Amino acid sequence: MAPAIRCCDNSGFIISERNAMAQNDSSGKTDQALSHRYGSLAKELLALRESSLAIKTCEQGIAKAPNSASLYIIKGQILLGKFTRKEKPEYLKTALVCFGKAIKLDPHNYLAKLLASQIYLKAGARKKAAALLRNILKQTPGDEKATSLLKGIKDKETAVAAAETRKEAGTQKIATVQPEEKATIKEAPATEEKVVDQNADTADYSRKEVEAVMNAKEPVEETKVAEESEPESEIVISSSLEDSSLDESRLDIPTSEISDPSTGGTSRDVSLPWKLDDKVVISAGESDNDEYVMETLTGKLTMFSRTEGLRGIFLLDSNGQPVKIINKAGLDENIIPSLVFNIFKASTNGIRRSGMGTFQLGVLVCPIGAIIIANAFYATLALVVDENSNLQLAESRVQRYLSEVTV
Amino acid sequence: MSALSVILDSLCEKSITAALIITLDGMIIESSQIEKDSAESLSAFMSQITVTIRNSLKNLGHSEFTRYIIRTNQHRVYLVDLGKSTLVAVAEQDVSVDEVNVALFQAATQIKKTGRLDV
């Protein structure tokens with residue numbers, strides 16, 4: 001008889017139990033366990049402000065578990081943090097690559113799509129950002145963040161269009177009403193254009209190139225209008241990216257799965273000037289306090305060890321990223337967290353906006369079992385139990401857990 | 001009075017305060033014990049939740065769910081998947097869960113039997 005492998009956490013709670021014979025067949029499960037461990041390690045290193053080590057840890061994890069979307073997301077988040085501190089655009093670019101990979105591996109990952117869309121917004125690629133946001137809304141209708149960002153994009157596009165119309169109208173007026181001054185006016189813009197052209201040699205030209213790369217199918221007219229209407233608000237950061245390890249072609253996020261088919265853009269080695277947009281704040285939103293709360297929430301999960309028919313526990317942070325997964329039934333650790341977070345967000349929004357009060361707990365009975373979804377402080381807790389087990393008992397246990405962690 | 005209306009009315013006699021049948025795009029097929037405005041708002045948001053659940057389950061190779069119960073600080077909202085439509089029922093917090101589950105199951109079966117789901 002083949003020996004059994006049993007993994008327990010500090011408190012002796014069984015995390016996974018499997019037969020050694022079956023281990024080779026379940027490489028997917030091993031990958032999930034590995035990615036989870038590397039992810040946790042990277043987060044701990046990040047808490048110690050060792051971001052470079054954290055990135056290396058993620059990379060090592062990715063090398064061992066290449067199909068883990070969560071490791072790519074963690075790496076991307078760390079890079080976003082580095083960008084916030086140092087404002088080096090290469091961090092943002094690499095983060096985008098990471099989120100792209102994550103989306104490819106898990107097309108319904110909310111966080112990856114949201115953060116990628118925010119990076120696109122920051123780079124001025126509004127159409128790609130909008131495509132990702134629309135995809136989020138398709139998955140979780142009424143999502144507040146996605147809705148507000150999409151609204152921001154629409155407002156900006158309307159403003160740009162209005163500015164263009166005003167400018168065209170102004171030009172026509174000048175042309176018809178003051179023909180005698182035409183010559184003088186004609187000279188003035190020419191001079192302005194010259195100045196712009198001189199600047200374009202350094203920053204403006206490279207920005208156009210980046211936008212062309214980032215936004216292969218975005219009309220050229222729109223780019224021009226954006227440049228003309230908001231020249232003062234733009235701060236262009238220029239940096240020469242000579243990192244050979246960074247494959248330019250990886251910039252293409254697989255949006256083919258995301259409703260916008262414009263992915264086949266060609267990539268060139270260009271310097272990266274990012275357009276700063278004050279409205280866009282890219283952040284994973286984690287603080288030391290959150291980590292403390294997460295530790296408390298994780299520590300108390302042992303309460304569920306004797307729950308009847310327990311198949312798995314998923315504790316997600318405020319961004320939907322798994323913090324702790326206890327998988328006893330080989331549940332898909334990539335898809336279930338996305339499912340739980342999407343349903344949680346849709347329920348929270350739906351209940352609040354329909355005036356039915358505040359969401360406390362949801363029980364979804366579906367073919368994979370009964371999923372109890374609860375709002376646990378800053379996190380989302382999901383308990384997957386057998387459909388035939390005592391749901392009321394499981395619910396009351398969740399209630400007890402919530403009362404203990406929130407006291 | 002339509003067959004669906006009769007089913008919903010009888011459902012509302014059993015601990016349910018309001019009930020409605022909605023399509024996946026938020027249109028109301030039939031409602032009971034709920035004002036038109038509230039029904040429209042509720043159907044819009046509940047259909048969003050239904051769509052989210054169904055989309056999420058698709059990734060796991062499933063197309064339908066049995067039921068989704070949402071507990072809020074004021075009510076309990078029940079969503080029962082009927083395929084192309086959803087039965088939404090609102091109950092008070094302290095309602096007997098077993099009783100409601102049985103009533104909803106019976107109502108869902110009756111609705112399916114009416115054959116008016118392909119709207």
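**View 1. The crossing of helices α3(A) and α4(A) is left-handed.** Here a crossing counts as left-handed if the near helix is turned anticlockwise from the far one by less than a right angle, and as right-handed if clockwise. This is a predicted model, in which local features need pLDDT of at least 70 and side-chain atom pairs count only at pLDDT 80 or more, while totals for chains, interfaces and linings use all residues. Residues are numbered from 1 along each chain as its sequence is written, chains are lettered from A and ligands numbered from 1 in the order in which they are written, and side-chain values use heavy atoms, with hydrogens and water left out. Helix α3 (residues 51-64) and helix α4 (residues 69-86) of chain A pack at an angle of about 160°, with axes 9 Å apart; they are therefore roughly antiparallel (angles over 145 degrees). Axes are lines fitted to C-alpha atoms, for helices over the stretch in contact, and angles run from 0 to 180 degrees between N-to-C directions.

**View 2. An open sheet of 10 strands has antiparallel pairing.** Helices (H or I, at least four residues) and strands (E, at least two) are DSSP runs, numbered from the N terminus, and two strands pair if DSSP finds at least two bridges between them. The strand order is β6(A)-β5(A)-β9(A)-β8(A)-β7(A)-β3(B)-β4(B)-β5(B)-β1(B)-β2(B). At the edges, β6 (322-327) of chain A and β2 (28-32) of chain B each pair on one side only.

**View 3. Seven bridges join the antiparallel strands β8 (residues 369-376) and β9 (residues 379-385) of chain A.** Among the residues shown, A:Ala370 has A:Val385 in β9(A) as its bridge partner.

Notes
Parallel < 35°, antiparallel > 145°, perpendicular 65-115°, else oblique.
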